[in-house]
Amino acid sequence: MDVVVIGAGLAGLTAAWELEKAGHRCTVLEAKDRVGGRTWSARLGNGEITERGGEYIFPTEFPIRRLAAEVGVPILSHNVRYGRRTVNGRVITFAELGATVALVANTLRDMIADGETRVPLERAFAEALGPDYRLDPVYRRTTTSAAADPNLISAEAVLLRDESTFSGYVEDGGRLVGGNQSLSIEIARRMGDRVRLEHPITGVDQTADGVQVTLADGGRVDADAAVLAVPLPVLRDLELGFSLPDDQQRALDHRFMAVAAKLGVPFSRVDDDIALQNAEHTWWSWRSLSVDGEHRIKALSSFAGGPFALDALDVASGPAGWVRELRRMRPELEIEGDVLLTTWADDPFTRGSYTAAGLDWDPADVRAFDRPAGRVAIAGEHTGLAQSLSGAVASGYRAAAALGQHLSA
């Protein structure tokens with residue numbers, strides 16, 4: 001069968017890879033001039049690799065670990081205290097981390113048992129930790145990663161369902177040797193000319209016999225089936241000549257696009273704190289382990305999540321505000337070369353960083369994309385709970401399995 005896959009990020013390439021192994025002929029259409037989507041690796045002026053998009057591969061994120069092992073792209077440790085960042089000069093213990101995680105999760109369970117619905121992430125922390133909850137390092141870390149207003153995010157989705165981001169087990173994460181984009185690049189290399197760059201589309205339709213994809217230049221690609229693996233805002237703007245199943249439409253309606261920014265900073269001198277969380281806003285700074293396994297790279301990475309942090313750092317005006325605050329947080333920092341700021345909301349093919357579960361989120365949303373919408377399967381981090389590299393890969397596996405069952409029926 002001929003399958004057209006829309007999007008050459010990790011979700012789309014994973015789906016295409018799996019479908020090809022199952023004997024189908026895949027064509028991947030990508031709007032950008034590169035593969036990887038929101039996984040984007042770049043070199044700073046001093047030669048160090050910085051990630052402009054997805055960063056961490058956590059210990060229990062098996063989908064991406066499986067795929068990376070299969071195609072021979074090795075993973076190394078960041079060796080960063082992801083779950084226990086320094087806040088106000090202090091690093092909490094494992095016992096404190098576990099106790100806070102358990103307290104907030106159990107408090108939320110009690111709230112739900114008492115009949116509360118649509119509980120925001122902010123309220124769950126406030127109820128569990130009291131008036132000073134915003135000073136708590138677990139609150140800071142969780143809301144930084146959420147990348148959205150915590151008053152608008154479903155506490156249940158984050159605290160009780162998404163184990164990859166709210167788990168006392170996560171101390172460290174991994175990264176791919178050569179940059180996280182290297183996994184997408186390797187799969188695309190193996191697929192060769194079946195991956196077509198700079199091929200944006202405007203619409204998808206389907207009949208009983210196949211699918212029809214309309215290109216932005218007016219051309220058309222016909223196939224037996226399709227995988228739609230584009231970011232949520234782009235998906236919403238596509239002209240679909242068919243209706244999605246009700247549960248899929250509801251699941252998509254329950255999510256919204258979060259905003260985040262990344263800053264890569266080459267330096268000649270810095271302090272030795274490897275994981276420093278800003279105590280006032282939802283952004284943090286870390287320094288990863290080198291591939292030699294002994295030294296640290298000569299670059300800082302910083303992530304800012306949510307509109308309040310981005311406004312406070314004035315990233316819309318460029319990196320100067322963030323650099324100023326980074327120097328204030330790390331007074332010993334001596335920058336050597338140009339910094340690299342990346343935002344995603346202004347990217348026309350992305351329009352945000354990754355999605356968050358809104359207050360109407362429902363546990364049933366998790367299973368909505370286990371089957372295709374006719375001949376079209378939908379993939380992407382917005383179809384699952386893990387808004388991560390591995391979440392994208394898992395969605396690609398799921399879409400390929402769903403479509404494969406349909407094509408073999």
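**View 1. Asp370 is partly exposed at 27% relative accessibility, and its partner in a salt bridge is Arg367.** Partly exposed lies between buried (under 20% relative accessible area) and exposed (over 50%), with a 1.4 Å probe and protein chains only. A salt bridge is a side-chain nitrogen of Lys or Arg within 4 Å of a carboxyl oxygen of Asp or Glu. The closest N and O atoms of Asp370 and Arg367 are 2.6 Å apart. Arg367 has a relative accessible area of 55% and therefore counts as exposed. This is a predicted model, in which local features need pLDDT of at least 70, side-chain atom pairs count only at pLDDT 80 or more, and totals for chains, interfaces and linings use all residues. Residues are numbered from 1 along each chain as its sequence is written, and side-chain values use heavy atoms, with hydrogens and water left out.

**View 2. Asp237 and Arg351 form a salt bridge, 2.5 Å from N to O.** The pair joins distant parts of the chain, 114 residues apart: Asp237 belongs to helix α8 (residues 232-237), and Arg351 to the loop between β19 (340-343) and β20 (355-357). Helices (H or I, at least four residues) and strands (E, at least two) are DSSP runs, numbered from the N terminus. Asp237 is exposed at 51% relative accessibility, whereas Arg351 is partly exposed at 32%.

**View 3. Glu116 pairs with Arg123 in a salt bridge.** Their closest N and O atoms are 2.8 Å apart. Glu116 is partly exposed at 29%, and Arg123 is partly exposed at 34%.

**View 4. Salt bridges link Glu18, Lys21, Arg66 and Glu70 in a network.** The whole structure holds 26 salt bridges.
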